Amino acid sequence: MNATTAWKLDRDQDGIAWLTLDKPGGSANTLGRAIVQELGELVQQLAASPPKGLVIRSGKTSGFIAGADINEFTRLDSGEAGYQLARSAQLVFEQIEKLPCPTVAALHGYALGGGLELSLACRYRIAVDDERLSLGLPEVQLGIHPGFGGSVRAVRLLGVRPAMQLMLTGRPVRADKAARMGLVDRLVKPGELDDAARALVLNPPAPHRPPFMERLLSSALVRPFIKPRLEKEVAAKAPRAHYPAPYAIIDLWAGNGAHGDAAFIAEARSIAAMFDTATAHNLIRVFQLQDRLKALKNPAADGVRHVHVIGAGVMGGDIAAWCALRGFSVTLQDQTLERIQPALQRAVELFDKRLRDPAKAAAARERLRADVE
């Protein structure tokens, strides 16, 4: 066994290496510069003495990896520093990709941003099939884009359209959609993650490839026709002058087709430029303020069991639905029952989608009541 500050490496009796990330001092794993450097040193050891297979997992109950350490982005003092931050992580992930053995990312809870990019460097991904699973590349919501190789590997794995949807919207996907699009190779029940990872290493199938049509769309002849359509879709929601990141994602793909070392280098150069935009500065600041707000504990809320929401419009109705989803009993008030009914219907759809257990969905519906009076 070899232990570092955040990583633990074990080899079992089958010759499988288990690499576990458990960042000290917090409930969530993030990928800071030091943690990525430690990972690189351990992967070099594995490359020098290859195991039967490698499984990368989290020691946190909350999830896999929440992403890169956002605070490090605010301390970059030059474009070159931003490039080196991204490029050094890319090279570590490249070492994982080149290991001469099956590599598996064992995911539970969330794998977001740099965490998902790390999993994309593995040959396979398996995940716990429950309502907590959330996989995504949300960097565009911070005014940047994937910088650890994600803009390249997502297209290679999923194809142009699914990968672009993941990156341009920044919205995470749940278990069923992740399996359908090929983002995960296998979904397993809680408690079966390690056994499933072992089975995948010992009997590795052919890695996932996107459909032929998706591969064709990345060809040099076709990309010039697809690029304007993607830009038009983005322009309907986000002007380039204020939101350059989604256009940069499209430019990276159009220029390189997600192929070759040049694609990774271009990604690192591009995200370095994104770090210095006003949009990224402002959105990262908003993210940090939201993070601080989450850490503030309101003692008065400890005993709250019931929530009453006045106004059943889109915002009020969705707040009521989320409160019921989280376990509160909720009453929703508006002038007439007819005004409340659409919110109740949206809530039913939310419960069915997020809980996927008829009994749990029914319990959530019972917690949400109309209250005209």
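**Close-up views of a predicted model**

**View 1. P228 in helix α10.** P228 is found in helix α10, which covers residues 223–235, in a model that is predicted.

**View 2. The protein chain as a whole, as a setting for the close-ups.** The protein chain contains 16 helices and twelve strands, and its C-alpha atoms fill a box of roughly 70 × 50 × 45 Å along the principal axes. A compact globule of 373 residues would have a radius of gyration near 21 Å, and the 22 Å found for the protein chain agrees with this. Of the 373 residues, 49% count as buried, while the accessible surface of the protein chain comes to about 18,300 Å², with 55% of that surface belonging to carbon and sulfur atoms. When contacts between residues at least 6 apart in sequence are considered, 73% of them join residues at least 24 apart. The side chains include 47 positive and 40 negative ones, and the centres of these two sets lie 3 Å apart.

**View 3. The aromatic pair of F73 and F275.** A search of the whole structure finds two aromatic pairs, and one of them is formed by F73 and F275, whose ring centres are 4.8 Å apart. F73 belongs to helix α2 (residues 70–73) and F275 to helix α12 (residues 261–275), so that the pair links distant parts of the chain, 202 residues apart. Both partners, F73 and F275, are buried.

**View 4. The aromatic pair of F93 and F148.** The ring centres of F93 and F148 lie 5.9 Å apart and their planes stand at 85°, so this pair is edge-to-face. F93 is part of helix α3 (residues 79–97), whereas F148 sits in the loop between β8 (134–136) and α5 (150–158), and the pair therefore ties together parts that are 55 residues apart in sequence. F93 and F148 are both buried.

View 5. When the neighbours within four places in sequence are left aside, I96 is in contact with L39, V43, I56, T103, L118, A121 and C122. V309, by contrast, is 213 residues away from I96 in sequence, and the C-alpha atoms of the two residues are 50 Å apart in space.

**View 6. The backbone at A258.** A258 is found in the loop between α11 (244–256) and α12. The phi angle of A258 is near 60°, which is a positive value in a residue other than glycine. A258 has a relative accessible area of 5% and is therefore buried, since the limit for this class is 20%.

How values were computed: Residues are numbered from 1 along each chain as its sequence is written. This is a predicted model: local features need pLDDT of at least 70, side-chain atom pairs count only at pLDDT 80 or more; totals for chains, interfaces and linings use all residues. Side-chain values use heavy atoms; hydrogens and water are left out. Helices (H or I, at least four residues) and strands (E, at least two) are DSSP runs, numbered from the N terminus. The radius of gyration is taken over C-alpha atoms; the globule rule is 2.2 Å times the number of residues to the power 0.38. Buried means under 20% relative accessible area, exposed over 50%, partly exposed in between (1.4 Å probe, protein chains only). Contact means heavy atoms within 4.5 Å. Accessible areas come from the Shrake-Rupley method with a 1.4 Å probe; for residues, only the protein chains shown count as cover. Lys and Arg count as positive and Asp and Glu as negative; His and the chain ends are not counted. The place of a charge is taken as NZ of Lys, CZ of Arg, CG of Asp or CD of Glu. Rings of Phe, Tyr and Trp (its six-membered ring) pair if their centres lie within 6.5 Å; planes under 30 degrees apart count as stacked, over 60 as edge-to-face and the rest as tilted.
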